[in-house]
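Q: Some labels below rest on cut-offs. Let us check them one by one.

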Amino acid sequence: MTTCILRTSLTQVESTLRQAIALIGYRPQKSAIFIKPNLSNAGPPGQGLYTDPLIVEALVRIFDTPEVVIGEGCVVGRSAAHAFQGTAYSDLATPPRVSLLDLDEVKRYAAQWDFGVIRLPELLLSHEYINVAKMKTHIQTGVSLSLKNQKGLLLPVDKKRFHRKGLHSRIRELGSLVQPDLIIVDGIVALEGNGPWRFGTPVDMNLLIVGDDMIEVDNVCREIMGFAPEEAPHIPPMDELHTLGLPIEEVRRKFILDFPGYFTYRNLYEHINDSCSGCNISIYHAMKQLRSSLWGRVRFQLHAGRQRTDIIMGHPEKLPPNHGRIICLGDCTRLFAREHDLTFVAGCPPGSRRSRSHLLIQLQLTDRSYADRN
């Protein structure tokens with residue numbers, strides 16, 4: 001196993017990739033390639049949020065195979081078609097050689113693992129698998145790299161189960177079950193702060209990390225980002241790392257991650273806990289609907305300026321300190337809401353029009369006597 005660290009820019013990415021691939025001695029063994037970027041949702045380029053499409057485009061040119069599949073399974077509540085269309089990825093499809101696939105819709109096989117049976121894309125069996133991750137922080141896992149990127153291989157039901165049953169242990173075990181043939185981490189524009197979403201801050205690292213062992217690659221990246229092993233418990237630690245190119249010490253930069261356990265917008269507090277992205281998407285839709293009308297904006301601004309509202313997701317252990325009115329969002333909070341007699345919005349996630357409307361109403365209420373109980 002060997003991991004290569006090289007400086008680059010987006011204009012030089014193809015030549016840098018060719019150099020790194022030659023240094024580690026990688027050659028595809030199959031005539032069809034499956035590329036899994038980190039594209040969990042649509043978003044602007046150059047912000048450190050997702051794998052830059054220029055890297056994937058370079059791989060398509062480097063490997064002259066008859067078939068290339070670019071596949072992704074987005075966050076719960078989003079589709080890969082939406083993500084592809086909202087980015088330059090849609091331009092990469094050149095049928096019949098290069099195709100874009102939503103992994104939520106592909107054929108799957110049943111694999112035995114320590115937690116029972118999990119259904120994985122058949123592409124992993126038939127194609128050379130290249131994991132192209134992003135270098136960024138993550139409020140639930142410390143960092144998001146190639147091991148975390150494999151969560152996009154899962155069906156939505158399994159993504160939610162990972163959060164409910166132990167995110168770190170399941171990401172680790174998935175890494176034992178599925179090992180990419182080539183791993184690339186896009187650290188050209190990385191992300192620090194309260195990632196992996198828009199609350200993070202872009203960082204110009206100008207790095208590509210390329211290797212043939214996912215555990216080593218993620219340990220190298222973790223070291224570059226200045227995280228201790230216990231700060232990213234889903235990555236099995238390694239005592240010895242084999243690197244080529246630049247030494248870790250030369251490129252190391254301490255990434256900031258100071259998540260207090262919640263996000264705020266005016267007097268609205270979002271408490272993430274161990275929730276999956278589905279509940280976050282529900283809040284996004286409700287807020288978007290509020291902002292779509294003048295009456296909604298006025299009602300929310302009046303309420304947000306007068307009274308704190310805490311939205312709780314996942315499996316909280318206790319009530320937030322100094323909390324205001326509390327809304328428990330999603331089925332994971334059902335028992336907590338019942339125990340503390342709190343407002344509850346059902347759904348896993350609350351994605352239906354009815355549940356979103358319920359959340360929308362709750363965000364505008366100032367009188368708790370209207371709150372639904374469960």
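A: Helices here are DSSP runs of H or I with at least four residues, and strands are E runs of at least two. By that count the chain has 13 helices and 16 strands. The model is predicted.

Q: Why is Q150 called buried?
A: Buried means under 20% relative accessible area. Q150 has 0%, so the label buried applies.

Q: Where does Q150 lie?
A: Q150 sits in the loop between α5 (146-149) and α6 (156-165).

Q: What makes the pair of Q150 and Y129 a polar contact?
A: The cut-off for N or O atoms is 3.5 Å. The side chains of Q150 and Y129 make their contact at 3.0 Å.

Q: Which residues is Q150 in contact with, leaving aside its neighbours within four places in sequence?
A: They are Y129, N131, L174, G175, V178, P180 and M214.

Q: What makes a set of residues a nonpolar core?
A: Its members are buried residues of the listed nonpolar types, joined through side-chain atoms within 4.5 Å. The largest such core has 45 residues. I5, M135, I209 and I224 have the most contacts inside it. Helix α8 (residues 214-224) gives the most to this core, with six residues. Apart from it lies another core of 38 residues, including L49 and I184.

Q: How do you know that the chain agrees with a compact globule?
A: For 374 residues, the globule rule gives a radius of gyration near 21 Å. The chain has 21 Å, so the two agree. Of its 374 residues, 55% count as buried.

Key:
Residues numbered from 1 in each chain as written. Predicted model: local features only at pLDDT ≥ 70, side-chain atom pairs only at ≥ 80, totals over all residues. Heavy atoms only, no water. Buried < 20%, exposed > 50% of the residue type's maximum accessible area, 1.4 Å probe, protein only. Polar contact = N/O pair within 3.5 Å; in protein donor to acceptor, adjacent residues only side chain to side chain. Contact = heavy atoms within 4.5 Å. Rg over C-alpha atoms; globule rule 2.2 N^0.38 Å.
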